[in-house]
Each structure stands twice: as structure tokens, then as C-alpha cells.
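Work through the exercises below with the structure open beside you. Try each task before you read its solution.

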Number of protein chains: 2
Amino acid sequence: MAPRSVLTPQETDFPQWYQDVLAKAELAENGPVRGTIVIRPYGYAIWEHMQAEMDRRIKALGVANAYFPLFIPESFFQKEAEHVEGFSPELAVVTYGGGKKLEEPVVVRPTSETVINSYFAKWIQSHRDLPMLLNQWANVVRWELRPRLFLRGTEFLWQEGHTAHATEADARAFALRVLDEVYRDFMVEVMAVPVLTGRKTARERFAGAETTWTCEGMMRDGKALQMGTSHELGQNFARAFDISFLDESGGQSYAWQTSWGASTRLMGALVMAHGDDAGLRLPPRLAPVQVVVLVARAEEGVAEQAAALASALAAAGVRVEVDGRPDVSFGRRVVDRELKGVPVRLEVGPRDLAKGEVVLVRRQRGSKEAVPLAGVVPAVQEALDETQTAMLEEATALRTGATSDVSTVEEAIEACAEGFARLPLPALGLDGEDRANAAGVSVRCLLGADGGPPSPTASDDDLVAVLGRAY
Amino acid sequence: MAPRSVLTPQETDFPQWYQDVLAKAELAENGPVRGTIVIRPYGYAIWEHMQAEMDRRIKALGVANAYFPLFIPESFFQKEAEHVEGFSPELAVVTYGGGKKLEEPVVVRPTSETVINSYFAKWIQSHRDLPMLLNQWANVVRWELRPRLFLRGTEFLWQEGHTAHATEADARAFALRVLDEVYRDFMVEVMAVPVLTGRKTARERFAGAETTWTCEGMMRDGKALQMGTSHELGQNFARAFDISFLDESGGQSYAWQTSWGASTRLMGALVMAHGDDAGLRLPPRLAPVQVVVLVARAEEGVAEQAAALASALAAAGVRVEVDGRPDVSFGRRVVDRELKGVPVRLEVGPRDLAKGEVVLVRRQRGSKEAVPLAGVVPAVQEALDETQTAMLEEATALRTGATSDVSTVEEAIEACAEGFARLPLPALGLDGEDRANAAGVSVRCLLGADGGPPSPTASDDDLVAVLGRAY
């Protein structure tokens, strides 16, 4: 097949490749205000599938969605001092409303932590009100000086979960269930990104959290992307906002809390974890169009046969589209659908039809096979299933190949030029994180001996630090 | 049954009843910034069902969702002068970002009309790009001096559709399809609110539209609520934003556009169209919980039987919950579920179980019936179906009973103390709308002879003006 000149090759300039893909696959573009994003229909359709998949998992944990206001009084940002320091330079502030200067300026939410906690204080009175498990899908604003589409923006879309529990153990268990049953499961099984799930170091954790759990994915340039976090907040916010309850023994206790979030940044992760020089490659479970039926030449009966195949596939529950645009050449339509990462392409032309066949092309590995007309539906279903699995395997192999076991910080820094470095935590030493940071490398997470999140009782000596260069 | 003292009766003070229901049914409360709203989980779950039902209908018309930024440069509001005048005093303006005063202030979107049209200008080049059919689900901000929860707020959630077409006829047909196939169908078949669909007068139409189509519902106090609008914009925005395309004959033409929206105001409509002195009444198609199984007394086997019934109902696709809270009396649980408008209640107690029965209570009409255990699933399904139908019939009868045919403006004003007045358009005369407005009555919509939206070719002489007092 002819080389694609549509995109800058990944090898040449990965960030430019990323920009090119977002534009050419019509995922997103810059908004008129610096740092803002326009998510185009194709990109938004992928996000809708992500939302639906995460939302189902969130609700399966007994969490209910709610909605809290965009505007927060400025005074709320003085309740939790540690929290303020983390956000203050990022705030967008409304000072005029209704044509007049406001008496108290209002902040456009950078998160809803403060406002949700002020309602928790009101709603939680007794142990019978616990656990309180809420989630919100919303836009948030953090003024961003070096924006990159989907990865860092002044405005982004996300979900933020906030929960309150009667005991520390309940809160910890819940934070870990979110990490595993919502984020890890979604990212691995649906996005086909083999994330590492581990604990953040004190330096990397969310201001105000006791423990931050994270999902770290490797992009195809070997860099790390933090894809979702789940925080144990201890009683920090409960004390600041007076979230206390009558406990079973008749005393007053502060609640134990968690918060957790994932955002449209996942769109960036999806692009960078799977895309190649021909464009996006979408895992079938997230693809708005799983199969495109391309009419190779609009001769007698070909379009009809394409439509019949599409109907049969749709009836089998496959998301399918026919592309028979007469004003766009077959070659351009192929390039366009490859750019857009459609997992399976069926090419329907008069010559193959005469043999009772169509050509099935898998985007993931670029393979072509002739399929008899009568066998198209099962062949497509098999190709979709295998693509989903193969994408995860390919991404896992990439990560494994680009991960080095090292024994010193200096070796880790060197290894991170290619990907991740795994360093026993004791070898990080007291100032190892400083030295790594100075070299543009950070500790992405700490893992237990089994490669998963460390158990609370694990000794530091048994932990492994994963280092990488991060987005 | 004992009288309910939980809510102010509708007869006594309808607006206070409305406030009481929102609070006691845990739908919503005020946010910390005046005019903002906190949508609580029960309210948000209803809104999620509304969104899903509307979204499905919107997508069935071939419309794709997208997302445009919250922040809009102030300069955009000077492009379409007529439009600015409509909104200027409602704008919230961000003047600080990242700790510094901004060089150009940014406006928090009151709608995305301007920003979407600026992208349409870029994306639409040829007749092959048309029709372009986009929708956005988002929050918008309009500074509101007299806020009322769900009905008028500084921030609300909505969908706004924006489309561009090659011809005026296409745009008109699309605006009417949205009115009928999205809004009317959803409101009537799902919300069980028998909306009138008609045309706005010149005075009531959206600034910048050529024609505004509207859905008008009657609330239980006889007042009108505008529940959704669909606008034919002509080429007004296309000229202002230079949305032009190469047409099939090789010339340049301006696109013909529509826009249309419905918001969380529908939550207010749902409450006020159906609620009674015991609380909400939810149509089954929108009820987060369609059936509650109440454990009357926690004796041997009762809770188990309740759980078994709930499983059987869930397996049949019914949204069901068991309420066996031991610390809340049976009576209070009944009141709570009536407040929340749960359509069907199954009371499971030892005495009825001994007879092989449970009691089925329909919230809509308050009727009780004994149902044999083996027949519970079909009896519940029948009760849900009949409730959906009965709610629409009841609301239709209410509207019919509170609508008067009149022949003068003065009669219309008098009749509007009770509900709607239908006045032949010629009888409205030149200053009739002024006189009605001065008396607190407005023309809600104009209907054709068949009671539906007037055809474009209908003579004014054949139209009927529907007048009412509006929320």
C-alpha cells in the first residue's frame, strides 16, 4: 500500500503526529479562547461511549449522579487552605453579572470538591446517611498556560466522584474498588490500554489526600499518561467542612471520604496508546463505527449488496455505516476510514461479488481476507472480538518491551528515554525523586510485589517504583 | 388515608407547594450562589431519563452530538446585533484568569449560537457538507434576578441543536420535525404532558428567528409553561457569520438554519403538570424507581418474599427497589414514596402473604388492589402501562376543562384566570396582544384549524391564538 503522507510520522515528531490526527480524523480543534476545545462529532461520539461505559461501572458500585453549580463563591476557596494553594493560580473568576460588578466574585469551578462537601455537611447527619456515594459529569475550568488538546485544557469534561463513609476501612476499600472496578476495568477491557494501577508518592499525590491511587498508561512514544486517580481523603475535608455524623455508639464522628476523577484526557490517551502513521486505531468497544462497508465501484447491484450486508450487520448489533460517496474516490475513502480508526472495513466490488465474496480488512493489523457473502456476519464479529484482544496484547507488548528493570536512579533516568523504569523503592533513596524530577522524569506510581496496588500493610522495602516521563 | 400535612396544599399556595415538593422529594435545592441549583440524585436520575429519551429521538433525525467551549470571546457578541440586545444584561463575564486580569474578558456562554456558527462558517464549504446537524448537551448561564428552581436559573442544563441546510424548505421541514418527532413526541408519550405545538407571534419569537415553533404545557394551576422551542433562523446568522457554500449550480449561497432547545425547565414542568397534594406523580417511563416493594412488617419470611418479588420484577425489566428500612415506620415509608411519585407500590405483609397475596397501590389514582403472588409481574406491568396512559388522559382532561373558547381579548383575559383561552386570531386585532400583556396574559402560540402547528400557507384568518398566564 502506498505510504501515507497525510500525517507527520510518529518517529519524526510524535507531538505533531498527535495534532495531525486530531485534525484529520476530525476529533477536535482549538476553541476561540486560548486553551479551550471544540470536540467535533466524531470525537464526541467516542467520548459518549467512554461515558456510558464508565457510568455503568460507577452505578454498579451504588453511586448516584447529581449536579452541582458551575459557580462557587470565592469564600469557599478559603476553607481548606492546603487545597487553595494547589489551585489558586488556575482559577477563572467572574466579576460581572447582569451588567453590574458583583459584590462577591464567583469562581468557575476547578472541581466541585468544596461545594459538594458543603452539601455533604448538610445531608449527612447520622450513620444511617452513610455511605453517601455521589458522582457528577460536568465541565471544569483550570486556567492553563500551556494547553494541549484533550491533555491539558482550560476547560475539560470529566466525572468527579465524592463519597463519605463511616470508617477509614470503608473509605479505603471504596477508593480501591473505584480504581479497580471502574477505572482499571474500563481502561483495560474497553480502551485496551494496559494501565498500571498503583499508589502515588507523597510528592505526586493530590493536595489534601492521604493516599492517591492512579492508573498510568504508556503512550506509543514511551511516555506516561495519568489516566485516572482515586483518592483517600481521610478526614481532611470532613474537618474543614464539618461533615460529622451521629455514630452507632451515640457519639459524633467525622466522616471518612474519597474522591476520584477521569476526564476527556482519556481521549488523548486513546489516540496516543493505539494510533499509527495511518491514523487512529479504535478498539471496537469504543468505535462509533465498528465496520464501514465501502462500495468499491457503483456498478449494477453493488450498492444494493453493500446495503444488504450493512442491514445484516446492524441486525446483529454491529455499529455499521455504508460509505458509497460517489464524489470521493475509493482510495480517499479508504484513507479517511483508516484515519478515523474504523476497526473493520468491508470492500464490496463487482469482481469479488462475482465470486460471491467481499474483502474484509482489519485496521489493527492491516490484514486483508476474502470472505464469502454468507459468512460476513460471523467473520466481522470474529474480527471485532479479535481486534479488541489484539489491541490490548499489542499495547501490553509495547509496554513490556519499553520497560526496564533497573537498580539505580541514574539507570532509571536513562531508561526513561525509551519508556518506563522499574526501580525497587529502597533504591530510590531519600533524594532520588528530586534527582529524577530534575532530569524530567517522575515517579508514576508505586506497585506491590504482585505488580498491582500495594496492600496497606506492605513494607516499603517490597515496593517497586515505576518511573517515566509524563504528559 | 390520613391527610398529608407534609406539603402546602396546591389550592392554598401553588408556588409554595412547588417549593415544598422540590425539597421534600429531594429533587433540588438552591446552590450557594444566588440563582444556581443543586440537582440532587433523585432529581438528576429523572433528568438522565429525560436526556436519554430526547437524545435517542435527536439522533434518530441524523443529528450528532458535539461539544463547544464554555468561554466565548466578548467580541463574538458584537457580530449579531439583534442577538446581543436580547442577552447583554444576562451575561456573566470572566475578567480574571490564572491570577491576572485578562486582556479580553470572556463571556460564560448564554447559548453556544455564536461559537457554533463561527465553526459552521469554517466547516461548511460545499452543498456536500449540508445538511450539517449538530446538538450539544451543556450548561449555560444567564444572570437571573428572580430565579426559581428549574424554571428560571442563572445556570441551567439543556440541549441546543443547530443545523444548516441548503434550502429554506429543508430548514423549515427540519425545524418542524424537531418540534414534532423530538419535543412533542417526548413530552406527550414520555412525560405524559399534552403540549400544544404551535407558532409564536412576532413579539414572542426568539430574537433573530424568522419563525419560532413552541411546545406549551398547562400546569395544574392553569398556567402555561413553554417547554421547548424550535426556530427557523432563515439566513440571519448565516449572513452575520458568513456561512456560505458552493451550491449545486456553482454559485455561492448562504445556508438556511434552525436552532432548538429544551432544558432542565422540563423538570419543573413534570412536577407542576402531574403533582398533587401528596407529592410528585411520575410517569412510569421517567420514574427512576417504577415500583417500590414495601416490607410492612419484618416477620419471618416477609423480607425474603419481598426480595423474591423484586427479583422477578427486575428480571422482567421493571425498575424496582425494596424498602424495608427497619428504622423508618411503614407509614413514613409510604409517605416518602408517595412524595417521590413512585408509580406503583407493593405492600408485602404477613397477613396478606398468608392469603397468598400482596397489595398493589397505584400512585396515579390512589387505588389499592389485592394481587395473588403468582400474578404480581403481569399486574405490575399492567398498572405501569395504564398509569402512563391515565396520566396523559388526566392532564389532557385538565387542560380541556381549563380551556375556554372566547371571542374577545377581554374575555380571553378573564378566562386566563383559570387556564387557557382560545381566540380566533382576527379577534386579537392590532393591539390585542398589548392589552393582554398589560393584564399579565400572553399569546402562548398560534394554532392551525386542526389544533396543530399552522401550515405555512394557512391564512391568518383561520388561525387560533391560545392565550394564558405564563411561568
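**Exercise 1. Helix 9 of chain A**

Task: Find the residue with positive phi that follows helix 9 of chain A, and decide which residues of this helix are buried.

Solution. Step 1: A:G341 comes after helix 9 of chain A and has a positive phi, near 75°. Helices (H or I, at least four residues) and strands (E, at least two) are DSSP runs, numbered from the N terminus. The model is predicted, so local features need pLDDT of at least 70 and side-chain atom pairs count only at pLDDT 80 or more, while totals for chains, interfaces and linings use all residues. Residues are numbered from 1 along each chain as its sequence is written, chains are lettered from A and ligands numbered from 1 in the order in which they are written, and side-chain values use heavy atoms, with hydrogens and water left out.

Step 1: Apply the cut-offs for accessibility: buried means under 20% relative accessible area, exposed over 50%, and partly exposed in between (1.4 Å probe, protein chains only). The buried residues of the helix are A:R333, A:V334, A:V335, A:D336, A:R337, A:E338 and A:L339.

Step 2: Because seven of the 10 residues are buried, helix 9 of chain A is largely enclosed by the rest of the structure. Its buried residues pack against helix 1 (14-24), strand 15 (291-295), strand 16 and strand 17 (344-348) of chain A, where contact means heavy atoms within 4.5 Å.

**Exercise 2. Salt bridges**

Task: Which side chain meets that of A:R337 in a salt bridge at 3.1 Å, and how many salt bridges are there over all chains?

Solution. Step 1: Side chains of opposite charge can pair when their charged atoms come close. The rule used here asks for a side-chain nitrogen of Lys or Arg within 4 Å of a carboxyl oxygen of Asp or Glu.

Step 1: A:E321 is the partner of A:R337, at 3.1 Å from N to O. The two residues are 16 apart and link distant parts of the chain: A:E321 lies in strand 16 (residues 320-323) and A:R337 in helix 9 (residues 330-339) of chain A.

Step 2: Compare their surroundings. A:E321 is partly exposed, at a relative accessible area of 36%, whereas A:R337 is buried, at 10%.

Step 3: Look for further links. A network of salt bridges takes in A:E26, A:E321, A:D323, A:R325, A:D336, A:R337 and A:K340.

Step 4: Another salt bridge joins A:D431 to A:R435 at 2.8 Å, N to O. Here A:D431 is partly exposed at 40%, and A:R435 is partly exposed at 33%. The count over all chains is 68 salt bridges.

**Exercise 3. A sheet in chain B**

Task: What is the order of the five strands in the open sheet of chain B, and which are its edge strands?

Solution. Step 1: Strands of a sheet pair through backbone hydrogen bonds, either parallel or antiparallel. Two strands count as paired if DSSP finds at least two bridges between them.

Step 1: The order is 16-15-17-18-19, with mixed pairing. Strand 16 (320-323) and strand 19 (368-372) of chain B are the edges, since each pairs on one side only. From one strand to the next, the twist averages 25°.

Step 2: Strand 15 (residues 291-295) and strand 16 of chain B run parallel and are joined by four bridges. B:V322 in strand 16 is the bridge partner of B:V293.

Step 3: Helix 11 (residues 376-401) of chain B packs on the sheet and touches strand 15, strand 17 (344-348), strand 18 (357-362) and strand 19 of chain B. The direction of helix 11 makes about 5° with that of strand 18 of chain B; axes are lines fitted to C-alpha atoms, for helices over the stretch in contact, and angles run from 0 to 180 degrees between N-to-C directions.

**Exercise 4. Strand 10 of chain B**

Step 1: Four bridges join strand 10 to strand 9 (residues 196-199) of chain B, and the two run antiparallel.

Step 2: Five residues lie between strands 10 and 11 of chain B in their hairpin, where B:G222 takes a positive phi near 85°.
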